[in-house]
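Hello,

Here is the structure I promised to pass on. My notes on it follow below.

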Amino acid sequence: MANVSAVPTCQNKNDSSPAAPGTVVAEARGTALEFLRLLAAELSGGTVDLPCFPDVVVRIRAALDDPNTKPEKVVTIIGAEPRLAARLLQTANSAAFNTSGKPLVDLRSAITRLGYRMVQSATMSYAVLQMKYADQLRAISRPLSELWSECIVVASISQAVAARTKVSPDEAFLTGLLHAIGRLYIMARAVHGNGKFGNDEYLMSLVADWHPQIGKAVLENWGFAEEMSSAVGDQSDHERKRKTGEELTDILVVSVVLAQTLQNPALLKSSMTEATAFQNIGLSEVDCLTILNRAQHQIAALHEALGC
């Protein structure tokens with residue numbers, strides 16, 4: 001878990017005098033840290049409590065990762081959720097995936113066209129949509145949409161980067177789509193119930209340090225592959241030395257950095273210098289510009305297919 005400082009000592013409750021500004025800040029930051037530590041402890045104990053998140057996502061992941069699962073079972077699981085089934089058909093018939101122009105009307109054909117990894121991606125999109133419109137999470141509806149848009153950008157770039165490696169582009173895409181699951185988890189838990197932390201600036205300032213490991217723990221609890229969970233956990237480690245079988249982590253590190261440079265291309269050269277993952281994969285500045293150009297052409301279509 002992230003290395004954080006000790007929680008500041010709170011003001012004496014019997015002292016009615018106004019607290020100094022510095023004390024108020026320390027208490028607010030301490031409360032935010034305690035909240036994050038509570039989430040970490042829950043996840044370490046195997047408890048995943050993501051408000052308003054449909055459990056069909058986990059059931060589909062388990063079915064798709066089981067080599068003994070027959071296509072009929074996947075169709076049955078998805079078919080039991082009519083809105084999810086409609087979402088998958090919509091995704092399969094979108095411009096991003098329907099290159100033939102031939103529309104599909106049955107769920108099995110849609111699953112075949114998308115492939116299992118993209119089915120998981122579309123299912124995650126459906127789940128975020130359900131969370132966005134849940135009454136309990138209405139306060140973060142807009143931030144959820146913005147976060148999901150960012151995830152689609154990182155996923156698109158991850159897919160393009162993976163095409164230059166031995167990693168499956170679809171696996172990289174799903175990893176990019178899930179890279180911010182820790183942030184989503186923190187946001188949803190923070191606002192759920194009384195909404196105490198809904199827009200808490202001190203909590204938000206700590207999210208960057210905590211969300212990768214929170215996300216890793218969520219994916220591990222859900223049973224996602226170790227490579228994917230590790231990549232999400234190490235996405236902010238720009239100086240890491242690659243170990244055997246960690247190419248997916250390099251792809252995600254590179255993709256998160258490149259997504260940040262889309263708005264400011266002038267940062268590309270310095271960002272490449274700071275992250276060893278670019279050298280691990282063997283990407284030049286020209287390569288990165290080509291990847292970004294390719295990804296940008298796909299992002300609009302992916303937003304249509306997976307946006308919420």
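A search of the whole structure turns up 0 disulfides (pairs of cysteine sulfur atoms within 2.5 Å). Two cysteines are worth a look. C288 has 0% relative accessibility, so it counts as buried; C52, at 26%, counts as partly exposed. Buried means under 20% relative accessible area, exposed over 50%, and partly exposed in between, with a 1.4 Å probe and protein chains only.

This is a predicted model: local features need pLDDT of at least 70, side-chain atom pairs count only at pLDDT 80 or more, and totals for chains, interfaces and linings use all residues. Residues are numbered from 1 along each chain as its sequence is written, and side-chain values use heavy atoms, with hydrogens and water left out.

Now the whole chain. The secondary structure comes to 15 helices and 0 strands. Both are DSSP runs, numbered from the N terminus: helices are H or I, at least four residues, and strands are E, at least two. Of the 308 residues, 49% are buried. Take contacts (heavy atoms within 4.5 Å) between residues at least 6 apart in sequence: 69% join residues at least 24 apart.

R87, Q90 and T91 of α4 make the contact with E304, A305 and L306 of α15.

Best wishes
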